Amino acid sequence: MQFLTGGGTMGARIQAFDWSASPLGTPETWLPSLRVTLSNMLRSKMPTYLLWGEQLITFYNDACLPLRGIRPEALGQPLPQVWAEIWDVASPLVTQARHGEATYVQDVPVWIVQRKGYPEETWWNASFSPVMAETGDVGGVLIVIHETTERVLGEQRLRFLVDLSTRLRGIPDARGVMATAAELLGRHLKASRVGYAELSEIGSSFSVERDWVEGATPTFVGQYRMSDVGLFIENELRAGQTVRIDDASTDARTADERVAAAFLRANKRATIIAPLIRDGRLVAALFVHQVEPRHWRDDEATLVQEVAERTWTSVLRARAETDLQESEARFRQFAEHSTDMLWIMNAETLQMEYVSPVIERVWGWSAELFQHRDQWVETLHPEDRERALKTNERVLRGDTVVQEYRIVRPDGSMRHIHATGFPIFDEDQKIRRIAGIAKDVTQHDGSTVYVVDSNEASRRDLCLLLQGASYEVKTFASAQSFLEVAPVLVPGGVVLDIRSPEAGELTIPRELKARRAGLPVIVIGEARGNVAVGVQAMKAGAVDFLDVPYRPEQLLDALASAQATIRERAEQDQATERVKALIAALPPREREVLDGLLAGGTNKIIARELGLSPRTVEAHRARIMERLGAQNLPELVQIAVAAGLQPKPQDRQG
């Protein structure tokens, strides 16, 4: 068999093969066309098969050996018998070649069972060419093959990742991101279950809020202990290593009976777990489960890790956007309930980007019409306009400023405004916006009432009663919604119905008492003759308690009393603020004399310390008392202390 010389391993096998029982006969009887084709095939570096005769007796070269793996010997055997799993794919192509027509196919999927000991889905390019015999008929079929599995899987992976990124980009919430990624990955890998597990703060447990499952596979949603995965797997995950288990019943890392039982009980016979490490700590993991044993490919494990990273980035983005939206919602809720006007202005165009609704009550303008700084300037009192505008320019240069000015409303009335303005810097420390808080410091009369009642019908009845008594009414369905905005509410009475759980029982009066807020609370409840209920309400900070049923006059009388208290406090606060302003406006020397008087100094001692004559100190003292409206020294001290100044007695010798 000289024609087999140089045919490598397969040439030697052909020579050693017992051909006596073969339909082809012994090599000495073979047709020259078979010998020549076989000789050329054995010397080829491309994986090549030759099928000869009607029985399709199989020959192949050394390049085919790595592809065959642990399959039974096919040499000299009919191809349909020795490679049955590919025959459905190859049969029509072989038939065409036997009819004299060459064909070429690309990326044909073929399941191979025994090449590596486990089922593989592979892809191939192949040409099927007729080999002509001396008789002029087709004697055989020459098959040249090239495996494209790696390229096909790579292209599938890239298409999947592009599709994943596109899909995730439009999902606004984190749970939606995780659910979409889990479903896409599960369908791509033909897995049983995919989901995200997030670790607790201390890392001893993890939770699965949502997962994707195929068919009847049960969900894995729930709370679990880290110890359920076993110490070996836990250590690998905390070290940032992707865990790949083909069969939990045989894997050494799940040899512990308790761990193996947990895996099998959870229908995760095979699994891939890709950890997510942030700041050196395991925070989450993407898991892929298979209910039956499965050999995971390296590219599948790599894909799971890449999906985990990409998805988690989208999760963090979605959570940040959600937090921002919730923050904006809280800001708007705060702004809409605040007695102060909140505003944000574009620093370049001076256009208003946000103005809270309170502008209509304080300024007499609608927020929609208040669009530019020039409109704000027009509302300023002529005497305050230049000063306020200069202060606003300081904010545009980066200063935080506090000022007071007067505005003139469209109806000609005037309001006093206490305003704070500040710049808003971007990530490059450039001023893109300026913002501010404008507080109406004109005295409030306590005519606003806040009704907290979860019962819609009862809330509506209370609202009608109070509006009929000329109160401005704002309603809340729960204690929580009221307390969230309580710090910015206009002083007014609070009517709290505690007959439902949403009212938070006596949480509101306790909280307002602790905050010393100017919001007296009138509690409505069912005492049923139990005086202790009313006593508890009063101890909690309520100013009155009305037992159901009560007469409307009782509620109106309680509110009138609360309103009087609010007015009295407002007058005291206004007087205090007026004195503070007068003290702040004292000339430096008079302020020094006042400090000396508060420290207990006599005219003589103060004169010596300030380098003045006692007569001059006496003159300053008289002007101070005149400015502050004090008739004598004790009254002067009392007024100053009420304004927040503290006397500082010192040892002095006259």
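Q: Where does Ala 435 sit?
A: Ala 435 is in strand 17, which covers residues 431-440. Strands (E, at least two residues) are DSSP runs, numbered from the N terminus. This is a predicted model, where local features need pLDDT of at least 70, side-chain atom pairs count only at pLDDT 80 or more, and totals for chains, interfaces and linings use all residues. Residues are numbered from 1 along each chain as its sequence is written, and side-chain values use heavy atoms, with hydrogens and water left out.

Q: Is Ala 435 buried or exposed?
A: Buried, at a relative accessible area of 4%. Buried means under 20% relative accessible area, exposed over 50%, partly exposed in between (1.4 Å probe, protein chains only).

Q: Which residues is Ala 435 in contact with, leaving aside neighbours within four places in sequence?
A: Trp 343, Ile 344, Thr 420, Gly 421, Phe 422 and Ile 424. Contact means heavy atoms within 4.5 Å.

Q: And what separates the C-alpha atoms of Ala 435 and Val 355?
A: A distance of 9.8 Å. Along the chain, the two residues are 80 residues apart.

Q: What about Asp 440, which strand is that in?
A: Asp 440 lies in strand 17. Asp 440 has a relative accessible area of 5%, so this residue is buried.

Q: Which contacts does Asp 440 have, leaving aside neighbours within four places in sequence?
A: Asp 440 touches Val 362, Arg 415, His 416 and Ile 417.

Q: New topic. How many disulfides are in the whole structure?
A: The search finds 0. A disulfide is a pair of cysteine sulfur atoms within 2.5 Å.

Q: Why does Cys 64 count as buried?
A: Because its relative accessibility is 0%. Cys 463 is buried too, at 16% relative accessible area.

Conventions: Helices (H or I, at least four residues) and strands (E, at least two) are DSSP runs, numbered from the N terminus.
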